[in-house]
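Trainee: Could you take a close look at the core with me, and then work outwards from there? I'd like to know which parts of the chain build it and what goes on around it.

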Amino acid sequence: MSKIKLLILLLISVLALSCSNKNIKHKSNTFSLSNIGGEYDGLILSNLLRSYLAGYGSFDPNTNLKIQGNISHSSNIYITNIDNTSDREKIETSISLKVYNEIEKCYVYEMNEFVTQFYIFSLNEKFISNQKALEKIKYENTEELVKKFINEVLYKDLKCFEQYS
């Protein structure tokens, strides 16, 4: 009797999984990468864009939609109290990305965004922890902006807003 109950439960679970596994496919845009400026930070941006687009199946080097962009980081030091015991450095990452349609010869999307983060730094310039924190924050900021870009542009209907001849 218990074998019959187990078989019935197995059948119900298989039926439930087969019904819930139906994927709804949306038409997503495919992109390739063009000019990404910003030296080493631009290389990181390019790699993140390529990997996220490939993860969504939206990277195609032969497509007509080319992503152009630039990234920059700036930093400011803040002394947050009178005793000077918790100095902070603010890292601001600015990104400018455009999608260019090569067939229609126009830009179809533009994003100009920035993200900021703080970290408490040690006063000695030679501490590796300051450099590691700075690298990590730059990477995290870049990744956050790439995620935002991908979420906005992937399923958007991209139409020309600026014509060039």
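Mentor: From the N terminus on, the elements run α-β-α-β-β-β-α-β, which gives three helices and five strands. Those are DSSP runs numbered from the N terminus, with helices being H or I over at least four residues and strands being E over at least two. Bear in mind that this is a predicted model, where local features need pLDDT of at least 70 and side-chain atom pairs count only at pLDDT 80 or more, while totals for chains, interfaces and linings use all residues. Residues are numbered from 1 along each chain as its sequence is written, and side-chain values use heavy atoms, leaving out hydrogens and water.

Now, the core. Buried means under 20% relative accessible area, exposed over 50%, and partly exposed in between, with a 1.4 Å probe and protein chains only.

Zoom in on Phe31. Skipping its neighbours within four places in sequence, Phe31 is in contact with Leu53, Ser58, Phe59, Asp60, Thr63, Leu65, Ile67, Val99, Val153, Leu154 and Leu158; contact means heavy atoms within 4.5 Å. Then step along to Ser32, which sits in strand 1 and is buried at 2% relative accessible area. With the neighbours within four places set aside again, Ser32 is in contact with Phe59, Asp60, Pro61, Thr63, Leu65, Lys66 and Ile67. So what does the whole chain look like by the burial cut-off? It has 165 residues, of which 32% count as buried. Of the contacts between residues at least 6 apart in sequence, 71% join residues at least 24 apart.

While you're there, look at the loop between helix 2 and strand 2, which holds Gly57. Gly57 is exposed, at 55% relative accessible area. The C-alpha of Gly57 is 8.6 Å from that of Ser28, and the two residues are 29 apart in sequence.

Next, the aromatics. There are two aromatic pairs, counted when ring centres of Phe, Tyr and Trp (its six-membered ring) lie within 6.5 Å; planes under 30 degrees apart are stacked, over 60 edge-to-face, and the rest tilted. One of them joins Tyr100 and Tyr107, edge-to-face, with 5.1 Å from centre to centre and 65° between the planes. Tyr100 is buried at 18%, and Tyr107 is buried too, at 14%.

The loop between strand 3 and strand 4 is worth a stop, as Lys105 is in it. Most residues other than glycine have a negative phi. Lys105, though, has a positive phi of about 55° without being a glycine, and it is partly exposed at 44%.

On to the charges: the structure holds three salt bridges, each a side-chain nitrogen of Lys or Arg within 4 Å of a carboxyl oxygen of Asp or Glu. Lys148 and Glu113 meet at 3.1 Å, N to O. Lys148 belongs to helix 3 and Glu113 to strand 4, so this pair ties together parts that are 35 residues apart in sequence. Lys148 is partly exposed at 34%, as is Glu113 at 27%. Within helix 3, Lys136 and Glu140 are four residues apart, about one helical turn, and their side chains meet at 3.9 Å, N to O. Lys136 is exposed at 54%, whereas Glu140 is partly exposed at 31%. Asp157 and Lys159 make a salt bridge at 3.3 Å, N to O, with both residues exposed.

Last, the outside. The chain exposes about 11300 Å², 54% of it from carbon and sulfur atoms; accessible areas come from the Shrake-Rupley method with a 1.4 Å probe, and for residues only the protein chains shown count as cover. Ile4, Ile8, Leu9 and Ile12 form a nonpolar surface patch with about 400 Å² of accessible area together. Patches take residues with over 30% relative accessible area and no salt bridge, joining like charges within 9 Å and nonpolar side chains (Val, Leu, Ile, Met, Phe, Trp, Tyr) within 5 Å.
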